[in-house]
Structure formats: C-alpha cells, structure tokens
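Please examine how the copies of a chain are arranged in the model shown here, and then how two of them meet.

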4 protein chains.
Amino acid sequence: MSFNTFGHLFRVTTWGESHGPALGATVDGCPPGIALTEADIQPWLDRRKPGQNRYTTQRREEDAVRILSGTFEGRTTGTPIQLMIENTDQRSKDYGEIAQAFRPGHADIAYHQKYGLRDHRGGGRSSARETAARVAAGGVARTALAALAPGLAITGYMVQMGARAIDRARFDPAEVGRNPFWCPDPGTAAAWAEDLDALRKSGNSVGAVVEVVATGVPPGLGAPIYGKLDADLAAAMMSINAVKGVEIGEGMAAAALTGVDNADEIRLGPDGPEYATNHAGGILGGISTGQPVVVRFAVKPTSSILTPRRTINVKGEAVDLVTKGRHDPCVGIRAVPVAEAMMACVLLDHLLRDRGQTGGVRGRIG
Amino acid sequence: MSFNTFGHLFRVTTWGESHGPALGATVDGCPPGIALTEADIQPWLDRRKPGQNRYTTQRREEDAVRILSGTFEGRTTGTPIQLMIENTDQRSKDYGEIAQAFRPGHADIAYHQKYGLRDHRGGGRSSARETAARVAAGGVARTALAALAPGLAITGYMVQMGARAIDRARFDPAEVGRNPFWCPDPGTAAAWAEDLDALRKSGNSVGAVVEVVATGVPPGLGAPIYGKLDADLAAAMMSINAVKGVEIGEGMAAAALTGVDNADEIRLGPDGPEYATNHAGGILGGISTGQPVVVRFAVKPTSSILTPRRTINVKGEAVDLVTKGRHDPCVGIRAVPVAEAMMACVLLDHLLRDRGQTGGVRGRIG
Amino acid sequence: MSFNTFGHLFRVTTWGESHGPALGATVDGCPPGIALTEADIQPWLDRRKPGQNRYTTQRREEDAVRILSGTFEGRTTGTPIQLMIENTDQRSKDYGEIAQAFRPGHADIAYHQKYGLRDHRGGGRSSARETAARVAAGGVARTALAALAPGLAITGYMVQMGARAIDRARFDPAEVGRNPFWCPDPGTAAAWAEDLDALRKSGNSVGAVVEVVATGVPPGLGAPIYGKLDADLAAAMMSINAVKGVEIGEGMAAAALTGVDNADEIRLGPDGPEYATNHAGGILGGISTGQPVVVRFAVKPTSSILTPRRTINVKGEAVDLVTKGRHDPCVGIRAVPVAEAMMACVLLDHLLRDRGQTGGVRGRIG
Amino acid sequence: MSFNTFGHLFRVTTWGESHGPALGATVDGCPPGIALTEADIQPWLDRRKPGQNRYTTQRREEDAVRILSGTFEGRTTGTPIQLMIENTDQRSKDYGEIAQAFRPGHADIAYHQKYGLRDHRGGGRSSARETAARVAAGGVARTALAALAPGLAITGYMVQMGARAIDRARFDPAEVGRNPFWCPDPGTAAAWAEDLDALRKSGNSVGAVVEVVATGVPPGLGAPIYGKLDADLAAAMMSINAVKGVEIGEGMAAAALTGVDNADEIRLGPDGPEYATNHAGGILGGISTGQPVVVRFAVKPTSSILTPRRTINVKGEAVDLVTKGRHDPCVGIRAVPVAEAMMACVLLDHLLRDRGQTGGVRGRIG
C-alpha cells in the first residue's frame, strides 16, 4: 500500500522506467484457477499502445506482455504473476535537453528534490509509460472479474477536451471505439480532431475529462471508513499521471444541489432495489449499491510542449525550455484504458476483501 | 491499512458509533517526545462541535477528549495514543423511524446489504459523528507537525454553498473565523446565512465546496506511484462523509487549460525554487514542491431532510420517508475542521515515510 | 501491520500502559452478524487474571472488559470493536526505584534508547499487562471462529518449567484446568509447585515452555511466501513478552531427524487425507493440512527479581538493582491464555484471507 | 504485506517458480543514491548457487541477476528495483512422477488443497529455488546497510547437522568459508562430510541448525508490540523453506534458566552500555540494544528422498513414492546465505522504520 503498490488482497506493484530495459507489474493475490494467458492481457495493452494515430506520441512500442510466473498450464495458481513488457524504442538522445533543466509542470524538480537524483531519460519513473504496467495488471483483474463477477462491465470514454464537452443527448456507446478519442459522441469527436490539430501546430497541449463506468457491480463492495470504495477509486485515479480532480457520481456539481434534488429515490424491483436516479454514482457510505459505479477525472494539459517556458536548471540558472520529443498533445486519450484498468483492479480487490470479511453474503430486503 | 485505518507510519484507526457509549481514535506511530495533553487536542474538537449555531445539528455534545495511553508526564512515548470521546447526548428515540426504512442517499441500504445488519441509531458508524475521532487524531498530527515542520500551517474554509461561490477578489483569511461558515468573504457569508435559513424552513438541505491549504510544506513529501501525496489526499478527503469530488490545484478546471497556460514557470529565489503560479496545487509527480498544497472537495447535500422522499423498508415495502431529528442542513460547514485534520494526518504520515526512505535529505539546486 | 497492530483482515491493535487509566484492543475486520457480548470475552480474561494463586503477581485487577463499539443488539456489525479494560490497581509507588535504573533483561534500556523517554511505571507499555488486551481480542476471534469454523478448538498448556519437563506418557488434557500451571501432567504439576516455592523464597525466577494446539483447523490456511501460517504464528508468539524461541511441530528437534523418520506418511481416510504422524505440526509449505497445528515456545525467566543485579541508571552510574513489586516468578503460566489468544487471532485472520483469495473452495482428492 | 511480500518500508516481493522462465524480487522502498550494480548482488547469489559441491543439488544454474529498474548511472533512484534471474536448467522430465502423487512432508498436498491446482514442476513456487530471489534482494539490503549503518556485519553458519553439533570451544569464524558446510569448526565439518556421504548413499536426508549473527546493529531498531525486531526475525526465518523452529539468543534453552543466571548485567563503557553476557540475543522488549543480534533456526530433513514412503495421489490412491531428481540432502547448507539475506532485509526495514518514527535520534545515557 505504500510507495509503488496498490491494493490489499489483489496487490499490484508496478516497476520500471521509460527508458530502462523493461517495465512491468508484480501481481500478488490473484485467485487461483482462472484461465489466463498473454492473449487475455495483450488486447488491453493494444488499446493503450502509443503511435496508433496522429494524436498520441509517435514512440513505437510493441508493448508485448510476457507472463513470467504465477500460471501453470494456462491457469493462475494463486502465486505472484509477473508481467514484463520490454522497452524496444528508447531513443534517449531525444531527451538530452531535459537532463539538466526542470520542465515546468513536470515531476522533474520534485524527483530531484526528493531523491537527489533522477532517471531523466523520458521522465524515468514519472513517465506515462509506467501506465502500461497498470494496463497489464488490469488485464489480469478483468479476467478474474469475468470469472468471479460475470456481468460486470467496465467502460471508459472521454467526455471533455479543453473547453469542449460532449453532448450527453448524443451519447452512443457504440461510437467509443470508432474514433481516436474514445468519444461517445461522433460530432464532438470530429470537433476535437480539429482542435487538437490546431493545438499541435501551435506547439501547445490541452487537458481533458475522462469518465469510467462499471455496471453489474455487486452491492456490498467497500467498507467504512478508510476502506471506502470511493476513497480507493479516488486514490487510484489520482495516482494516474496528470490527474488533478476526481469525481464520483455528481462530483463537484453535488455542491450546487439541494437534498430534495439529490435524493436517489428507491423502489423494489424484481432483482432487488432500484433507483430512480444515480446522483450517488453507485456508492453510498463508501459501499457499492448495485447501481453503476461512475467515476470521472480531469487530466491537466501535457507539460512537455514546444512553446518555450521559463524555468531553471540543476545549477539554479534561469533558462527557457522547449520540450522536444514525442509527446501526447492530450494525455486524456491514453488515460482511458489506464483508468479502466485501475477500476478493474480496485473492484477486484474490494470483491476479494468483501468475500474475506463477510463471505459475500448479502443482507436481504423484502 | 484496510477498513477503518488510514496512514502508514502515522496510523489512525477510528472506532465508534453515533449512539454507542463512546467513540475515538487509536493513533499508532506518533513520534516520541512531543509535548501533548488534552489541551492540545480539545480546541480542534471545539471548532467542530455540534450545536454552536443555528446552522449545525442541535445535538449537544461536549466532545471532551481523553488521552488513555501513549503519553507520560505530558509527552508522547512513541506508543499507541488512545483518544476517547464519550457520547453524552444520545436521544435514540428521535431516530426510531429510520430503523426499518432506508433514507435515499444515505448509507443505510448499503450497510444493510453488506453486513446484513446495522446500528441504525443515528446512522451508527456511518454518522458524521465519526469525524470527531478524526479531528482528535488530527490534533495529535498538528502537534507533531508543529514540532517536526515548524512553519507548516493548515487552513480550511468554505468557498461555495449551493450555487453561490465566494468572490476570490474579496478573500480575507481573517474573516474565516468570524462567521459560522468558515467563509473568507463576509459578503458571501451573509448571503449564505439567508440561503440556509430559507432552505431549513423548506425542509431542504444543500451541498458545498471546501478548500484546504497547507503552507510551509517541505518539498519531497510523497512517492510514486501509489504513495503519491495527491492520491493519499484524494482518498483522505473522499473518505469524509458526503464527499463526491476532490481536486488538487486547478482540479477539474485543468481540463480546459492549455499547456502554455498551465505551466507554473520556475525561478530560483533566495530560499529555493519559486513559482510564478500554482496551477499544480503544490504537487508534481505525486511529490510536494514546497508550494502551498491546495485541496478542494465537494460535499453533497445532507440526505436527511424533512421533505418526504420515496423509498423502501427492510421488508421491501414502498414508503415515503421524512427524516426527523437533528441534522446539519449543510454538512460542508462542519467538514472544514475535519478536512484540516485529514490534511494534518496525511502530511505527518508522509513526512515520517519520507524521513524513513530518504532521511529527509533534499537534492540541491544551484 | 507495523508497530502495534497484528493481522491483515482481522486486525488487532493493542494500546495502553501498565499504569495508565486503561488499556485495550481495537479490533477491525471482524465478520458481521456474530453474536458477541462481554460475556463471551470475560471468561478468557478471567483465565489470565493476575492474583489468582500464589504463583502469579499479587496485583489485583478485575480486568473487566467493556465493548465500546462494533456491536448492536448483541451482534457484531462488521465495524471496529473497541475493547477497554480499566486499570484499577496501579500502585505506582512500588515501582519508584526502576524509574532511573535499567533492569537487566528488561525492555527499560531499549525503550530509553529508542524513544528518549519511557513510562517507567510498572514497565509501561512493555509490561506483560499489555497481554490482557490480546486475550480480550482473542475472545472475539474465538467467538468468530466458533461460528465460521465449528469444530476448531485451541488448547494451551505448559510442558516445561525450568529444567523439568512433563512426562508425555502421562499427558491428560483434563488435568490442564485443575492446577495453577495449566499442566497436563499432575505429577509434574506437583513438582513445579515445590520448585516455584523454593525459587520465590530465594528471590529468583524461572523460564518455561508452553505448547498450543489447534485441532479442527481447515486445510488451506496460509499462503506462500510471507503469508505462511507458520511464519505468522512464529511472529505472533515471539511478540509475547519474554518469548525467546518458537517451534512448529518437531521444532528444533527436526535438525536431528532424517528424512525417512520425519516423513508424515499419508493415507486417504473417510474425511480426507490422514497422516501416520505429525512431525510437521499441521503445516506444509506454510499452509495448514488439516492436522492439528502445534506451536511451542520458550519464555525466559522473569527479569524482575529480588536478587541484586549489576546495572546502570540513566546517568550511566553503576548500581546494584533489586526489583521489588509484584511479579510473576514464572511468566510461562500466564502466557498460556495469551498464546491461545494469539493462535485464535492468527487462525481467524488466515481463514478470512483464504476466504478472500480462494473463496475457501478446496482442491479435491479422490 | 501479505502473501508474497515482506517488509514495510523496505519491501520485497518475490515471484517465480522453479521451472518457469524466470524468478526474481521486486524491491520497493530502497533509499536513493546508493551505489548499486549487479556486481554488488551477484557474489551473494554465487554463495547460494546450486551444484558447487557434491553436498548440494546438481542442478546447474548460473543464477545471473539482472537489474531491470530502479537504478540510474549506477545508483538507486528510490524507485522499485526489479531483480530477475532466468532459469536455465529446467529438466522437467525429472519431476514427472510427482505430478500426481504428494510427497510426504512436502508442500504438494497443501498447495493442491488450497489452490485446487499447482505447478508441480520441481515444486513450483514451494521450491527452495525461490530463495534465490531472497538472496538477490538481500544483496540490495546489504549494499544499503553498508551505506547507512557502516560497521554492521552479518554472518551465518551451520552449528548442527543431524545429531552432531559444533564444538563452540573450537569456533573459528575464519573457517566458515573454507568448507562446503559454512561450518566454523573444521573438525565437525570433516565429520559432517562423512555423515552426509553415508546418508546420501542410503537415500536419506538430514536436518540442521543454522545461526546468523549481526554485529554493529544500532540500538533502537524494532518497536512494540507487533513491530518487534525479534517477531519480524522469527517470521523471516520461519518463512524459509523447511524451517521448523526459531530462536533468539538463548532460545528454547531460556526455559531452563533462572532469572539470576539469565540477567545480562550492564555497565557503561566508553561507547555506551556494555553487557556482561548476551542471553537476550541483542534484543530487549523487541528493540535492539546494540549487542550482537543472534538468531538460530532448525531446518527439517529434505522431504524428497530416495527411500520409498507411503502416500496418496490426486485420485486418493495409496502409492509408495520415491523422489528422484536433484535434491539437497541437507537443505541447511544452502539456507545459510538465505538466512543472511533475510537478516539484512529485516534490519534495513527496521532501520528505515525507526528513522521514520524517531528520526534515528537515541536517548542519552550518562
């Protein structure tokens, strides 16, 4: 739970730097007997892979995952699963300039102050490249969830880029995979394409809002007070590079609502409680209710831009810095599969923790 | 680390229900040799105490804290500090009606489904009363921080109630303690008073946004990837009752910014790096930079309202529920001291963890 | 998991000093719905209570436990259970002499060096009085185990005092409760009584060996590599005051065996595998097999004795120290109920962890 | 913290199976700025390497360690260090027979019952091969300790094999590296060679006792109650394959001592307290005193022997099993470097934890 590990019973420790020989995730606590091969994980990595269109970094990585341990004859054994992804396209020379100067808005200066040294190649550990390891671990979590909680589905998409948000009235889940922005509204996707082309030409970048929804989540996941499902989801999303805000259900907009408007009224349906609305985002008192779990987060604009910014170098000298190299103009795009992976890891961890404490037995209604 | 504990080296486990005999916090890992008596903690509890004005619950609790262990001759010994607050005003009869029916928006139904039973008296464990224990633990954390990080200061205040936000141009920190809303803008405070009087009369409630700022935070607190300071702060705030969104620095507004605008440009000042702006909220790559750490969160409107809402009872029968009793019409008000306490606990924990890993030695610049 | 907490899903944090106002245990993660009142815990505390015969400290404590949280209408709710025991017989004046001087073999000097100060009254936190809190927590664990693993039984007894060991040929479980030594061999019990009377008169003390056996333990508890059941049991027992060695099954004697002799041969019985012997002590590869789990540990002789020993005081001055006051001449006696409690806590924790990871489903044989 | 991880601030998660493609250790929390390359780790692995003499398994492994992350330009960066060792000599055919039958005394049956399936090739995860990963992690810990606690030295050796123990009067530390048994007494080493030759010829195996001593340990490491240094050491040693008993200082023999004999009398020396004896094994109240930390443990005889033993297979059928293949006749020999590694990991973890809580400042005497 500290430093580079997340989860309690399903525990993921990611390791590796942007320009090291490899990176990966050590996954401990996966239930045994789950059918799992690289083919179950690779498709999720492929969704996140850089260089798939002109809106993401042109770094060329295969991101081929290898399972080094924890499975036998195609099934998990309950022992640690080591997932390794080798780095193949590490053009260190591109990054020479930032070895000495600190990019404004980037982790460079914070790492330097904390550790006294840092792997500056491509951002080292603070590179978004680390998220490939999370997506691999998320692939394991999704595979286990498919076995333990059939019917549970996780879907992420972008709902805002810069100042332009989607039109919820045109929301079409089928569109999400049809454009490079994971955008559920084709009209907005087209507009974003124009926006981003213009921004890239001007050497600039932009922020975004991503939403992740899990449906079919069993009620009862999460626990008071610091085992709250929403507290863990908030930490999980905030741990993703560039994230500056996290919302559950209504999120920040809840501040403007009254109690009368915010109440999700309840009726008993054929399969249990049904709710007239979902302002709560599927979580009450830190515990899932069975409604869709809705998480939203904002990423700031990429700090690595071609427009010069004032900063200092390690000697303390004032310099104007332009960050060349291959950077995503909007990191929100590739944050979508990462956020889905984090959602999967958190839900599986809570499912196992709940199974531990309560046996997964639910209180009856009616 | 799980369930009801937060922190790693400075660990706080809260316990107790709204209408049980007592509640409190078990604080483990406090540094030894810190001067600490009840008098260091009580003032923080007094700030949160219910019934101090007509805008908070009329429950009358002294909230007198007792230190049962962990100090000797007025100093911490490094052993667990048990903080106990006895409940004195438990009018259980007020809550009879909610024993069977589930309040919409409240944890009732989630607890029932998860655990099969629940202490319905006043919300039991899910009551905001639990936050008194956090404030007590926060008092310990603040006292230790005063010794270990002199100059560090934590201040919380409300910046929005319902749709009405403060005017940042009129921000005056001296005003915060002068009105019942911890509002830094006296004009807005007066307007909120009118808003809230009207809402209470109509049997309604409202949400709010709270901001907490820590100044004088040493650089270097926090660690990648799941030990990020912002990830822990997000979890800490999201764990507070009714919180639905958490922001660091620009927060959700970061989505609408470009990289050029969002860059916090750096210059070397006499005491180290100085930043032209603080979009980042004092945290880069999960690690504090020395700038003020700025956290903001939204609370939803109180679920317990006098306006009838449609719901079901334990038998699954449809009922219309009115929640009588003594409830805060805006829980944001009393969330202010709670959020300050959480900030104190998280910062102390990270300060100790950093001291453990790095010895607290900082990388030089210049 | 660090400092004063043990367990992962069933987590016990003990707090309190020998001469503070109270001590207790904060128990988090107990399964919900377990019938639990003080009457389920008090009998276990009574077994450990001081002053019951002339062979234990004459301190008079009622050790009355109060449940301050976590139950409702006589059942656990799944929320933290606070167990408090008030100290009633704190004769601080008895301990004045050790305020400045360090008792050889006692934690005094180590606490002083680590923390810079210590609560010297009665040993403060390092007093065996802390174990009362463990026994209370163990009472909760036993009650939960009775519900979740019916048939599981835990029995502790003393098998050696000083150089005199029991005769295993005369082992009679019914005798354990019939003498003040929890001795299963009445002949040895009588001899120990004489031994101990002589030792006390000479102002001396003596060590002992305690054995704890759990029968009816389901197979499958424990996990590689650092979640091994035996590793956790070893830590649990070693954490008890004065313990210097821990054994599982054959223990240290395993060194002298050959592989042919040590093999516990297996046959299939009507209820699963049966073993010809139990050299392994019920644990293979860190995982329970269904055989009785057998743990043994040695306690050193009480350090607080009436015979003068050479030591130093806080000023570094050489002094000869005699420890007056009320001390157990053989701490092994009262370690028996403590060890049973630790066994119960560890087994429940592992049962919950296993239920979390595997769902408690067992691999079939035959 | 659970399952396959040990340590709190210095955290080691081992992964990998005997016959998988690779195994290794994910090391999180190592202090930054430590000079570290493969050359600092490889010598420790070489000490443990199989096939170095006729008394250990004839499996031929280079055990070449690769650092995949966490260092930059030859120094640790404070981020996770991934250590990978590829398996090169995996003769799976040797192990075909044990795929279906459970070796008495081996983890086979426990894994099968717990997980429902197991990687039977060479024992899979329960193979002693896993300890290579521990030794690699221990190499990192030793390197960090050399920087943070200069003067601290860790030495392991065997003191008993079968019924034959060393003669402490002939103890010569210089002898430890001169014989294949890490034996400090050359006479006993010669006798063991004869004993072991005879045992191997008869298709048998034997147990052993290993002792590990750390000198130059700073006082103040460890914390009450479940953060005790001895409790963590006990767990660390018990987690090693085949260990059945762990002792600190006098260990089990403490039971036979009186308080007068057991007291380690104290005098002030030029560098702090000095002790006339070290019955305590360097730990009082769970905290190091500055004396040598002395740990001892027994390993049972290897379960894989050439003498047929009665057992069952997965179908429950009775079979007589002979375990062919390449096994250590006395696993104590190769447990020596493993135990040293565990000692290093535990001490570094506690050093960091202590530095976190107390700042490493020590209480003054004199």
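Predicted model: local features only at pLDDT ≥ 70, side-chain atom pairs only at ≥ 80, totals over all residues.

Residues are numbered from 1 along each chain as its sequence is written, chains are lettered from A and ligands numbered from 1 in the order in which they are written, and side-chain values use heavy atoms, with hydrogens and water left out.

The contact between chain B and chain D, with contact meaning heavy atoms within 4.5 Å, takes 14 residues from chain B and 14 residues from chain D. Because 100% of the interface residues of chain B are also interface residues in chain D, the copies meet through the same surface.

The size of an interface is often given as the accessible area lost when the parts come together. Between chain B and chain D the buried area (the accessible area, with a 1.4 Å probe, that two parts lose on being put together, summed over both) is about 1000 Å², and carbon and sulfur atoms give 56% of it. Of the area that chain B buries against chain D, Arg355(B), Gly356(B) and Gln357(B) supply 49%, more than any other three residues.

What kinds of residue make up the side of chain B that touches chain D? That side divides into six nonpolar, seven polar and one charged; Ala, Val, Leu, Ile, Met, Phe, Trp, Tyr, Cys and Pro count as nonpolar, Asp, Glu, Lys and Arg as charged, and the others, Gly among them, as polar.

Chain B can also be laid on chain A, again by a turn of 180° and a shift of 0.0 Å along the axis, with an RMSD of 0.0 Å. That is the relation of a two-fold axis. The same surface serves both copies, since 99% of the contact residues of chain B recur in chain A.

His120(C) is buried (under 20% relative accessible area, with a 1.4 Å probe and protein chains only), having a relative accessible area of 17%. Leaving aside neighbours within four places in sequence, His120(C) is in contact with Phe72(B), Ile98(C) and Ala99(C).

Key:
Least-squares fit on C-alpha atoms with pLDDT ≥ 70 in both. Buried < 20%, exposed > 50% of the residue type's maximum accessible area, 1.4 Å probe, protein only.
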